[in-house]
Every structure is written in C-alpha cells, then in structure tokens.
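Work through the exercises below with the model open. Each task is followed by its solution.

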Amino acid sequence: MKLTGCELRWLTMPLVGPFRTSFGTVTSREILLVRAVTEDAEGWGECVAMAAPVYSSEYTEAAAGVLRDHLVPALAAAAPANALAVAPALAPVKGHRMAKAALEMAVLDAELRAGGRSFGRELGAVRDRVPCGVSVGIMDSIPALLDAVDGYLAEGYVRIKLKIEPGWDVEPVRAVRERFGDQVLLQADANTAYSLSDARHLARLDPFDLVLIEQPLDEEDVLGHADLARLIRTPVCLDESITSAASAAAAIRLGACQIVNVKPGRVGGYLEARRIHDVCAAHGVPVWCGGMLETGLGRAANVALAALPGFTLPGDTSASGRYYAADITEPFVLDQGHLPVPTGPGLGVTPDPARLAEVTTRVEWISM
C-alpha cells in the first residue's frame, strides 16, 4: 500500500441542541478529519478529540499538530504494508491516541475500499444491525428531562443513558425510573465527577436497578473503582480509564469494573478496540460501544464495531439526527431501535461534497 499524502480537514458542526455533561456544555462540534490517499484508494478517519482538553488531555489543535509534525512523517518513513502496521509505526510517539486512531482509521478505510472489503467484515461483525441507546445530557429541570426521555423512547431507542453529576443524580434517575418503569434499560454516566468518599451517596442509586454506572471516579483511580465496586450494588463500567487492551485486562483483574465502554478513538483505533473486545470476551465481561458525537464517518465505523459478538449491551450509536440536523454523509436513521451495519467497501459511507464544503473551515495537505 503506497500512501501519497494525507489531508487534514477542520469542520464546525452545530448540534441540534446543547449537550451538557459534568465537564461542560457543547453547542457545536469542532471536528478534525483525516483523509489518507493511496495509489489505489482514499480513506477517511475522524478524530474524536474535543476543542478543549476537558474529556481527555487531547484536543483538536494538538491532534492536528502531532499528526502534521510527528505521526504522518513517522508513517511516511515506515511505509506500512497495511493498516495493521500503522500502530507499530506510530508507537515511538507517546500518547495521542485519538490522533493515532484517526490516522489508522483513514489508512484502514483506504485499504478496505481498495480491496472491496467492509469495516464490519474486517473487524468480525456477526450482526447486520445493532441496537441503539441514547445519551441524555444534564437538563435545567426534571420535567425537561422527562420530556426528552419520552421523546427518545418514542423514537425507538432501546436504552437510556443519563449524564449525572453531584446535585443531579439520584432525583433525576428516580424520576425517570418512576415515570417510565422498570422495563427501560437505564444507566448513568458520571464522567469522573465523583470521588470514593461519595460511595454512600452513589449507593442510593442501587434501588433503581441501573444497567451500570459509568466512570464515576477519576480516570486514573482504578483502585478506587475496585473499592467502589465492593461498596455499591450497581455494576461499575469504566470508560476514560480504559486506554488499551492491557489497561482493560488490568482493570478486570483488579475487580474495578464489571462492564467496559469501548471508544475506539480513546484507545488508539479500531484494531485496538477489537483487542479490548477480545480481552473482555475472554473474561466474560460485556462491552458496549461509546460515542463521541461523531459524524456519519465515525458512526459507520462504530456501528460496525458494535456488531462484534461481545457487544451485548446497546451502545451510544445513536441516529445522526440525535446530534446533527444534517450530517456529512447519508444520515443513519433509526429503524425499530436499530441501525444497519454498512456493507459497502471500507466504511460503507462517503462524505457528501456539498455538505462537507459547507461545514469545512480549513484544509491542509501533507505530502508523503
């Protein structure tokens, strides 16, 4: 596989409504795309880093800088034969997993398009559609929350995830459970907003039979999560703490989680995400696919990943319309609570040139 160059493309995508979590409110998404061009095809990658380093230490401009100055030159020097060789070629650069994931995704997409193979087939998908959950941000009031959840259930989402933080946790969860009943798959996501000293308070969520509580403590506090898991009945799920297959194996061994959220961008790419899936499956730990407000490009890859056999819980693979009035690809539309797994070559979707141009703010070409 001969790479001739990479394009960095910055987009600004307004959200259909504000999305608030414990680390802030997002009204638009600043997105960095990577387009890898080879002699035989081109492929797209999406960097899930946010505009500011609030979810993780990575952010969009830093990702662009490390891609331009380090990752793309390292890839050019290594001349990888295929996408499997991308991660080893980039390994000398420490961290920057989201930037690495975007570059690997672009190369993998190009390779698969050239070979006529789909992401789903390559990763090992066993289903042709996946059940979808939706992430509901922190609201100004409980009535507003109940209205939002009611709307998502009416659309057909099969699982509801509530963002929580201190002061917005027990009562909103109680209100949703009382309004919509025990049959709704319900989980809570804290995005590291608590400490182990809050264990007694978090135990107040136990009576609501949540599927899980996601990343309640700091991402580096794996031992604290192990302690918390012994103090509450609600299953603990790790998100930000899981950065690789090795970290997943360590967390499982420590008893720090009973469930794992796999976000490909956070762990360095879809090939590492598949390894995490395999590690968790070997230990009988269920996994699900998290989301980072991706465009249709990232959504296509996430849906393919979520079709692997170990993904037994609905993920944050929401329809395009959950976040964007107009996507840059053909929109993913919910059908009886599910999204189809694309079957075309590579990602199975391509950007619409007119829509892409409309939301593009900058483009940079890097020759190889």
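**Exercise 1: an aromatic pair**

Y270 counts as buried at 6% relative accessibility (buried means under 20% relative accessible area, with a 1.4 Å probe and protein chains only). The model is predicted: local features need pLDDT of at least 70, side-chain atom pairs need 80 or more, and totals for chains, interfaces and linings use all residues. Numbering starts from 1 along each chain as its sequence is written, and side-chain values use heavy atoms, without hydrogens or water.

Task: which geometry do F119 and Y270 form?

Solution.
- Take the centres: they lie 5.7 Å apart. Rings of Phe, Tyr and Trp (its six-membered ring) pair within 6.5 Å.
- Take the planes: the angle is 85°, so F119 and Y270 are edge-to-face (over 60 degrees; under 30 is stacked, the rest tilted).
- Place the residues: F119 is in helix α4 and Y270 in helix α11, so the pair ties together parts 151 residues apart in sequence.
- Check F119: at 1% relative accessibility, F119 is buried.

**Exercise 2: charges over rings**

Task: how far is the charged end of R362 from the ring centre of W10?

Solution.
- Apply the rule: NZ of Lys or CZ of Arg must be within 6 Å of the ring centre and within 35 degrees of the ring normal.
- Read R362: its charged end sits over the W10 ring, 3.7 Å from the centre.
- Read R159: this residue lies over the face of W288, at 5.4 Å from the ring centre.

Terms used: Helix = DSSP H or I, 4+ residues; strand = E, 2+ residues; numbered from the N terminus. Buried < 20%, exposed > 50% of the residue type's maximum accessible area, 1.4 Å probe, protein only.
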